[in-house]
Amino acid sequence: MRVVQQSDLFLRGGISRDTGGHRPGPFSLIQTLLKMGRQLITQGAEGRVYIADWLGHSVIIKERFAKKYRHADLDTHITNERIKAEARALTRCRSLGIRTPAVYDVNFDKRELVLENIANSITVRNYIYSATERGLSMDSGDMLKLAEKIGKILAKMHANHIIHGDLTTSNMLLVQPYDSSEVILIDFGLSSVEERAEDKAVDLYVLERAVLSTHPNTEAFVSHLISAYEKAGGNAAGDVVKRLGEVRTRGRKKLCFG
């Protein structure tokens, strides 16, 4: 199966060269197949996520809701920009050697993104829960190795000015065998491209707060992650970590005073 290339996604607005540059009709083969065998995984405020069969392959389909409170044209524009931003971020990460799901198709009419389904995977969130249930300490060698992997991959992402926007352990996957797996980043629905250290620091702060609030006794884990990030990213990452301290201070003030 051909993975959609950047020129297909962004120059043709999601229309593959295989269609001759014409938008497929409502009863096209692809649209018919996409309606078959969908299973809802989750639903949130922004949309639904399905697992489905797509041309004989297991895929993830992300569907964004229409916002009825917005003007229809404005809503379409905003939604399309968010879909394009996510597809760009995923594709750019893969080109940099950062593993993310492959983008198979973009359908603006249906507000959908069709992505690779990462087989035999587990979220880092569930992996940590499972490890701690087995009695593994969060400052053990295996856990600190995972923290180091995360720190390095985020340093690489930020070095190329990609902001994830929603870094949590639920948006990172591991594949079997989990102990030696690379970290796979998913759900770039709030991603952007920014060069400022401030934006990268906020990205790290979101992850730090998510880890500390979701997983008990993870202070050493987070500290090791940040150290690995700074070491892997050099001077630029050092500036981000310095700014992270300022973001933390603002965050504490907001918690205290509202």
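Helices, as named here, are DSSP runs of H or I with at least four residues, numbered from the N terminus. The model described is a predicted one. Among its helices, α5 covers residues 141–159 and is followed by His161, whose phi is positive, near 65 degrees.

Helix α5 itself has 19 residues. From its first C-alpha to its last, this helix reaches 27 Å, close to the 27 Å expected at 1.5 Å a residue. The buried residues of α5 are Met143, Leu146, Ala147, Ile150, Gly151, Ile153, Leu154, Ala155, Met157 and His158. An α-helix has 3.6 residues a turn, so residues three or four places apart point the same way.

Attention now turns to empty space. Rolling a probe the size of a water molecule over the atoms shows where such space is left. The largest pocket holds about 850 Å³, and 35 residues line it. Thr42, Val49, Ile60, Lys62 and Asp187 lie nearest the centre of this pocket. Two or more lining residues come from each of the strands β1 (39–43), β2 (47–54), β3 (57–64), β5 (112–116) and β6 (121–123), and likewise from helix α3 (72–95). By class, the pocket lining comprises 16 nonpolar, nine polar and 10 charged residues.

The structure also holds one cavity of 30 Å³ or more. Helices α6 (197–214) and α7 (219–257) each supply at least two of the lining residues, with α6 giving the most, four residues. Six residues of this lining are nonpolar, none is polar and one is charged.

Definitions and conventions
Residues are numbered from 1 along each chain as its sequence is written. This is a predicted model: local features need pLDDT of at least 70, side-chain atom pairs count only at pLDDT 80 or more; totals for chains, interfaces and linings use all residues. Side-chain values use heavy atoms; hydrogens and water are left out. On a 1 Å grid over the protein atoms alone, a cavity is a set of points where a 1.4 Å probe fits but cannot get out, and a pocket is an open set with protein on both sides within 12 Å along at least five of seven lines; lining residues have an atom within 4 Å of a point. Grid points are joined across faces, edges and corners, and a volume is the space filled by probe spheres set on the points. Ala, Val, Leu, Ile, Met, Phe, Trp, Tyr, Cys and Pro count as nonpolar, Asp, Glu, Lys and Arg as charged, and the others, Gly among them, as polar. The expected span of a helix is 1.5 Å times one less than its number of residues. Buried means under 20% relative accessible area, exposed over 50%, partly exposed in between (1.4 Å probe, protein chains only).
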